[in-house]
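Hi,

Here is the structure I promised to pass on. My notes on what turned up in it follow below.

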Amino acid sequence: MKITDARVIVCSPGRNFVTLKLVTEDGVSGLGDATVNGRELAVASYLTDHVVPLLIGRDARRIEDTWQYLYKGAYWRRGPITMAAIGAVDTALWDIRGKSLDTPVYQLLGGASRDAVLVYGHANGATIEETVAAVARYVKLGYTAVRAQCGIPGLAQAYGVGRGDRYYEPAEQGMPPEHLWSSERYLGFVPTLFTRLRAEFGDELHFLHDVHHRLTPIEAARLGKALEPYHLFWLEDPVPAELQEGFRLIRQHTTTPLAVGEVFNTVYDCHRLIEEQLIDYIRATVVHAGGISHLRKIAALAELYHVRTGCHGATDLSPVCMAAALHFDLSVHNFGIQEYMTHTAETDRVFPHSYRFEAGVMHPGDAPGLGVDIDEALAARYPYERAYLPTTRKLDGTVHSW
Ligand code: GCO
Ligand code: MG
C-alpha cells in the first residue's frame, strides 16, 4: 500500500488552515491537520520541501515506523513546526488505515471507552453581565462544562473576549495588535466573576478558566487559592510552561485543578509535570504533539499518574484535528474533557465531517477513517491571508506573554 501522492493544501475559509492529503496506490486518501496559528507557511514549507519527498513510495501501513523515521531521521527534533508536520503525516496515515479497513479510527485505538466525549464551550463577554448571558446560552444548548472569560476593568482588551458580535478568534490580519496587560488588575477582578457565576448557575455546572500563560507562579498560586470556593473544573495555563518547575510552587498552595499543554509538542515538554503530579489535565493535542501516535504515548504516561486528557480544540485547529481528537478522546481510558469551539460555516463547508454535538457531548461518528474530508475546489476559493496572533505589553510598555 504505497503512498503515491502527498499534497499540502493551504486555505483560509474564515481563518488559515494547513492540511496534508496523502493518497495511496489503491486510491485511498487520508488527511492530517498541520496548522500552527500565525506561522502556517512555515509548516507548509517544512512539509512540501522536506517531508513530502520522503513519503512517496513508503508503505502507508507503517505508521509507527514512519513517525520514528521523520522524528529521529531529521536529527533536528521537536518544536512546533516539526511536530505539526509529523502530526499531520501520522493523522493522515491513521485515516488511510481506517478507510482501508472500513472502520472508524477509534476502533483501531482499542475501541470506545465511553459513549460520548464531554466537551466545554467558550462563554465570554466584555462585562460580567455579558459573560453571564453567554454562559446561559451554552447551558441552553446542553453544555455541562463552560469556559468563562471576561473583560478586565481598566484593560482595553482581554484574552478570550470576542470583538463585537464575533465569537472569539485571536488571529488578526495585518501586523500583530498589541494588547495591554496588568496582572494586578486581572487578579483583583477574576474572583468577582466566579462569585457571580456560582451565584447565578449554582454548584453543578463545570466552570473552566484560561489564564493564558500570564502569571508568575506565586501570582497563580494566589489566584488558585482565591478560586477554591468556586471549585473550577480547571485553571488553565496559569504560568508560561517552559519552566515546568513553576508548577511545584503553585501546587504547594492550592487545590484548584491545573491544566496545561496546548503549546506542548512532545512528551518531553510534560513528563516531569505528569510524573510529579503537578497538573491534573494535559492539554496537548493531535496537531501540535506529533499526531495520534505520539499523543497516545503522552496519555499512557499520564494515566499512570492520575492525569487526565483535555485536548486543545480552539478554532485554529481544523476540523481534521477536531475529528482526530474525538477518536482519541473516545478511546483513551484517562480522557477528561475536550475543548470545542465551533468553526465558521465556510470552514465546515470546506471540511465536511461526520462528528456531531448533542447535549454537551460529541461523537466522532462511525464513518471509516477519521470521518472528515476536504473539498479541494472550494478550499481553492479561500486563499491564504497573512494573520498574526496579538502580542502583549504591561502598562509600562514591557513585552509580556500573550
Ligand atoms: C484555548 C487557547 C486558544 C489559543 C489559540 C492560539 O484555550 O483555546 O488558549 O485560545 O490562544 O489556540 O492559537
Ligand atoms: Mg488555552
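The second largest cavity has a volume of about 40 Å³ (a cavity is a set of points on a 1 Å grid over the protein atoms alone where a 1.4 Å probe fits but cannot get out; points are joined across faces, edges and corners, and the volume is the space filled by probe spheres set on them). This is a predicted model: local features need pLDDT of at least 70 and side-chain atom pairs pLDDT 80 or more, while totals for chains, interfaces and linings use all residues. Residues are numbered from 1 along each chain as written, chains are lettered from A and ligands numbered from 1 in the order written, and side-chain values use heavy atoms, without hydrogens and water.

Lining that second cavity are I282, A284, L295, I298, A299, T309 and F328 (lining residues have an atom within 4 Å of a point). Helix α10 (residues 291–304) provides the largest share, three residues (helices are DSSP runs of H or I, at least four residues, and strands runs of E, at least two, numbered from the N terminus).

The largest cavity comes to about 100 Å³. Among its 14 lining residues, Q149, I152, Y159, W181 and Y186 are the closest to its centre. α6 gives the most to this lining, four residues.

Now the metal: D210 (OD), E236 (OE) and E262 (OE) coordinate the magnesium ion (ligand 2) at 2.0 to 2.2 Å (donors are N, O and S atoms within 2.8 Å of the metal, or 3.2 Å for Na, K and Ca; water is not among the atoms, so sites may look incomplete). D210, in strand β8, and E262, in the loop between β10 and α9, are 52 residues apart. D210 is buried at 1% relative accessibility, and E262 is buried at 10% (buried means under 20% relative accessible area, exposed over 50%, partly exposed in between, with a 1.4 Å probe and protein chains only).

Best wishes

Terms used: On a 1 Å grid over the protein atoms alone, a cavity is a set of points where a 1.4 Å probe fits but cannot get out, and a pocket is an open set with protein on both sides within 12 Å along at least five of seven lines; lining residues have an atom within 4 Å of a point.
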